[in-house]
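Subject: Structure handover

Hello,

Here is the structure I said I would pass on. My notes on what was found follow below it.

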Amino acid sequence: MMRYVVVFLLSLATYLVFVGSVTLYDIVTGIAVSSVAATVFGRILVRNPRKLEVRRFVELVRYLATFIATEIRAHLELAKIVLSPNVSKSIRPGIVRVRYDLESDYGVTLLANSITNTPGTLVVDLDEEERALYVHWINVRTLEPEEIRDIVSRSFEEHARKIFD
Amino acid sequence: MGSRLLAALSMCAMALALAYALTVGVFSIYIPIELRPLAKILVTSAYNESTPLFSSMTPEIVTAVVWDYRGIDTFFEVAVFYVAIVATAALFRGIERSAPRTSVGLSTIVRTVTRIVALMIVVVGSAIILHGHLTPGGGFQGGATIAVAVALALVAYGLAKLVEHRIDYETSLKVRSLGLLGLSLSACIALIAALILNTNAYVFQNQPKTYAPIGLPYAVDGVLISGTVLLLNIFDGIAVAAGFALLLILLSQPEDVARERVLSSEGGE
């Protein structure tokens with residue numbers, strides 16, 4: 001039951017944000033569309049409804065705070081590189097392998113998208129058997145696997161585990 | 001160092017100029033105050049509560065023209081699209097159910113994002129359909145938007161997975177026929193009512209006219225629904241979404257499975 005409620009709320013929010021007004025007509029049609037969408041997508045979007053806990057939503061909010069802070073720091077770092085007098089000297093581009101330890105699809109997706117959305121790092125491939133992401137890094141500072149993981153993905157991975165695993 | 005500063009300054013100046021052109025510049029484009037005669041007719045008749053006999057009661061003028069002023073014209077446009085789909089289905093005759101048994105699809109990242117985005121695309125498409133009489137959009141636009149979700153799912157998951165979830169040839173054909181049936185019935189709804197009540201009505205009639213007093217209410221409890229325009233938009237959206245889905249499913253069938261199917265049926269006869 002919970003899975004349908006969550007999908008219903010997500011689709012109603014999408015509907016109202018897209019329409020951009022909250023009249024009686026919007027609410028009635030929004031509820032009708034969201035009910036149908038929830039019955040169709042409920043099982044597709046939420047595989048394990050027991051995971052829908054308040055604790056995980058709180059973790060999601062905390063993740064967003066960390067993400068925004070990391071994002072600002074990465075932007076500043078990259079801006080420094082772009083504005084430096086000799087760009088080619090201040091970068092060391094390369095592709096590194098970053099191992100991860102996450103179970104759920106959503107967790108892996110959150111981790112990969114967080115890495116891609118931070119300027120300077122970009123996920124180019126995913127190896128599910130080896131549990132590794134291949135990440136293009138504009139400034140490869142180290143080749144030690146654990147150090148790479150510390151810099152590139154550690155905090156995102158811990159948040160993803162708390163939210164989705 | 002001097003040239004670098006100059007370059008930075010000129011970049012800033014260009015950004016400012018672009019920002020100015022995009023905001024102030026665009027809004028100060030010359031707009032004629034006088035309406036042309038055709039525009040005057042449309043603006044005064046598309047939604048006008050003081051002259052209900054001459055109004056289509058649809059604030060969105062393009063939708064009013066498409067489904068009310070020239071409904072039959074639109075019906076034949078829709079028919080052309082359906083004939084194209086029927087022709088494609090005829091070309092695929094005998095191999096229309098040639099989905100592979102398994103499909104791998106793309107990576108976990110793409111599949112997970114597709115699941116979320118597909119829901120949002122379907123919801124946004126429905127919003128476009130249901131607000132067709134109020135804002136730009138309507139049945140065709142919303143239906144095409146919903147079909148994008150099918151296209152994404154086809155690429156991210158592969159045809160076999162979709163068939164497993166009953167998004168296949170049969171379902172899209174049935175839904176499309178249902179949409180077409182609804183479209184035809186909504187076009188004739190005033191006519192059917194008039195036949196029962198023994199008065200006059202037109203095909204594609206929306207609001208009551210002088211010698212055809214039957215029409216659908218344009219508002220329910222003060223909420224504007226624009227009579228048949230809402231119904232036509234909904235059924236057109238369903239039919240278009242299913243029609244595009246049918247095309248996409250047919251076109252993404254692999255040749256080797258289809259060939260196997262044809263050869264085995266020839267050997268069996």
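The interface comes first. Chain B brings 26 residues to the contact and chain A brings 26 residues. Please keep in mind that this is a predicted model. The area buried between chain B and chain A is about 2,300 Å², and carbon and sulfur atoms give 76% of that area. On the chain B side, Ile109(B), Arg115(B) and Leu119(B) supply 29% of what chain B buries against chain A, more than any other three residues.

As for polar interactions across the interface, five residue pairs are in polar contact between chain B and chain A, both residues being at pLDDT 80 or more. Two elements of chain B, helix H5 (108-130) and strand E2 (223-224), each supply at least two residues of the side that touches chain A. The largest share of that side, 17 residues, comes from H5(B). Sorted by class, the side of chain B that touches chain A has 17 nonpolar, six polar and three charged residues.

The count of salt bridges between chain B and chain A is one. That salt bridge is formed by Asp105(A) and Arg115(B), with the closest N and O atoms 3.7 Å apart.

Salt bridges over all chains number 21. One of them joins the side chains of Arg55(A) and Glu53(A), at 3.1 Å from N to O. Arg55(A) counts as partly exposed at 49% relative accessibility, and Glu53(A) counts as partly exposed at 31%. Asp105(A) is partly exposed at 28% relative accessibility, whereas Arg115(B) is buried at 4%.

Within chain B, Arg70(B) forms a salt bridge with Asp73(B), the closest N and O atoms being 3.7 Å apart. Arg70(B) counts as partly exposed at 27% relative accessibility, and Asp73(B) counts as partly exposed at 42%. Salt bridges with shared partners also join Arg47(A), Asp105(A) and Arg115(B) into one network.

Next, the aromatic residues. The structure holds 11 aromatic pairs over all chains. In one of them, the rings of Tyr63(A) and Phe156(A) have centres 6.5 Å apart and planes at 65°, so the pair is edge-to-face. Tyr63(A) sits in helix H3 (residues 54-83) of chain A and Phe156(A) in helix H7 (residues 154-164) of chain A, so the pair ties together parts that are 93 residues apart in sequence. Both Tyr63(A) and Phe156(A) are buried.

In chain B, the rings of Phe81(B) and Phe140(B) have centres 5.7 Å apart and planes at 70°, so this pair is edge-to-face. The pair links distant parts of the chain, with Phe81(B) in helix H4 and Phe140(B) in helix H6 (residues 139-157), 59 residues apart. Phe81(B) is buried, with a relative accessible area of 17%, while Phe140(B) is partly exposed at 38%. Ring pairs also link Trp67(B), Phe75(B), Phe76(B) and Phe204(B) into a cluster.

Ser98(B) counts as buried, at 1% relative accessibility. A polar atom of the Ser98(B) side chain lies 2.8 Å from the backbone oxygen of Ile95(B). Beyond neighbours within four places in sequence, Ser98(B) is in contact with Gln253(B), Pro254(B), Val257(B), Ala258(B) and Arg261(B).

Regards

Technical notes:
Residues are numbered from 1 along each chain as its sequence is written. Chains are lettered from A and ligands numbered from 1 in the order in which they are written. Side-chain values use heavy atoms; hydrogens and water are left out. Contact means heavy atoms within 4.5 Å. Buried area is the accessible area (1.4 Å probe) that two parts lose on being put together, summed over both. A salt bridge is a side-chain nitrogen of Lys or Arg within 4 Å of a carboxyl oxygen of Asp or Glu. A polar contact is a pair of N or O atoms within 3.5 Å; within protein, one must be able to donate a hydrogen and the other to accept it, and residues adjacent in sequence count only if both atoms are side-chain atoms. Helices (H or I, at least four residues) and strands (E, at least two) are DSSP runs, numbered from the N terminus. Ala, Val, Leu, Ile, Met, Phe, Trp, Tyr, Cys and Pro count as nonpolar, Asp, Glu, Lys and Arg as charged, and the others, Gly among them, as polar. Buried means under 20% relative accessible area, exposed over 50%, partly exposed in between (1.4 Å probe, protein chains only). Rings of Phe, Tyr and Trp (its six-membered ring) pair if their centres lie within 6.5 Å; planes under 30 degrees apart count as stacked, over 60 as edge-to-face and the rest as tilted.
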